[in-house]
Amino acid sequence: MVPWTNFFETAFGEIFFLFLCISPIPFIWQTVFADTYTTNTQKLCVWLLCLYAVGLCSFTGITTILYRNFSFYPDWHFALLGDVFVSPKQYIFNIMLFMPLGFLLPLMWKPFHSQNKILLTGFLCSFAIEFLQMFCGRMTDVDDLLTNTVGAVLGYWLFVFVEQKTIFYQLDNQLSG
C-alpha cells in the first residue's frame, strides 16, 4: 500500500490529480453547452476522452513539464522503422495507445465519421506529443508519429466495424433502404 503522502508521486496518483483538475471541462460542457440532442453515450465519451487525454499525457511524459525544470532538449530519431525488429512491442504498443482516440471521436461527434479527419487528428495529436517531448528530456521519434497515426486510423476502423454490427445501424439501413 502506498502511503497517502506519496500517492500523487505514483502514475495513478498523477492521472487522478490531473483528471480532477480538468474535470470541470466536461462538467461545464454537459451542463451549459450540451443540448437535448446530446446522447448519454456522447456525455460518457466526453468523460472517457478527458480521462484518456490525461492518461496519454502522463504516459508519454508530457506532464513532467508541470513540475520539472522547463528545458529544451531535442533528441531526434529520424530513422523510419529502424527498430521494428529490435523492439516490435514498442510499435504495437504505440498503435494501441492511439486506438481509443480513433474510436471515441467518431462515437462522440458525427463530423469525425471520416477516416481523413481521424488521420489528421491522430497525426496532429501525435505531433504535439512528440514536439512537447523535446521539452521533457524525452526522445522524439518519427516512428512514434507514424505508429500513433496508424493506431488512430485502426481505432476508427474498429469503430466502423462495431457500428455496423449494432442493431441500430442495421435497423437504420433497413428503414432507409
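**Overall fold**

Reply: In the protein chain, 74% of the contacts with a separation of 6 or more are between residues 24 or more positions apart; a contact means heavy atoms within 4.5 Å. This is a predicted model, in which local features need pLDDT of at least 70 and side-chain atom pairs count only at pLDDT 80 or more, while totals for chains, interfaces and linings use all residues. Residues are numbered from 1 along each chain as its sequence is written, and side-chain values use heavy atoms, with hydrogens and water left out.

Me: How many helices and strands are there in the protein chain?

Reply: Helices (H or I, at least four residues) and strands (E, at least two) are DSSP runs, numbered from the N terminus. Here there are eight helices and two strands, and their order from the N terminus is α-α-α-α-β-α-α-β-α-α.

Me: What is the span of helix α6 from its first C-alpha to its last?

Reply: The expected span of a helix is 1.5 Å times one less than its number of residues. Helix α6 (residues 115-133) has 19 residues and reaches 27 Å, close to the 27 Å expected.

Me: Which residues of α6 are buried?

Reply: Buried means under 20% relative accessible area, exposed over 50%, and partly exposed in between (1.4 Å probe, protein chains only). In α6 the buried residues are Ile118, Thr121, Gly122, Ser126, Ile129, Glu130 and Gln133. Seen down the axis of α6, these fall within an arc of 165°, so they line one face of the helix; the arc is that of the directions from the helix axis to the C-beta atoms. Their cover includes α3 (40-59), α5 (88-108), β2 (140-141) and α7 (142-165).

Me: Is glycine 155 buried or exposed?

Reply: Glycine 155, found in helix α7, counts as buried because its relative accessibility is 0%. Not counting residues up to four places away in sequence, glycine 155 touches Met99, Gly102 and Phe103. The C-alpha atoms of glycine 155 and methionine 96 are separated by 8.4 Å, although these residues are 59 apart along the chain.
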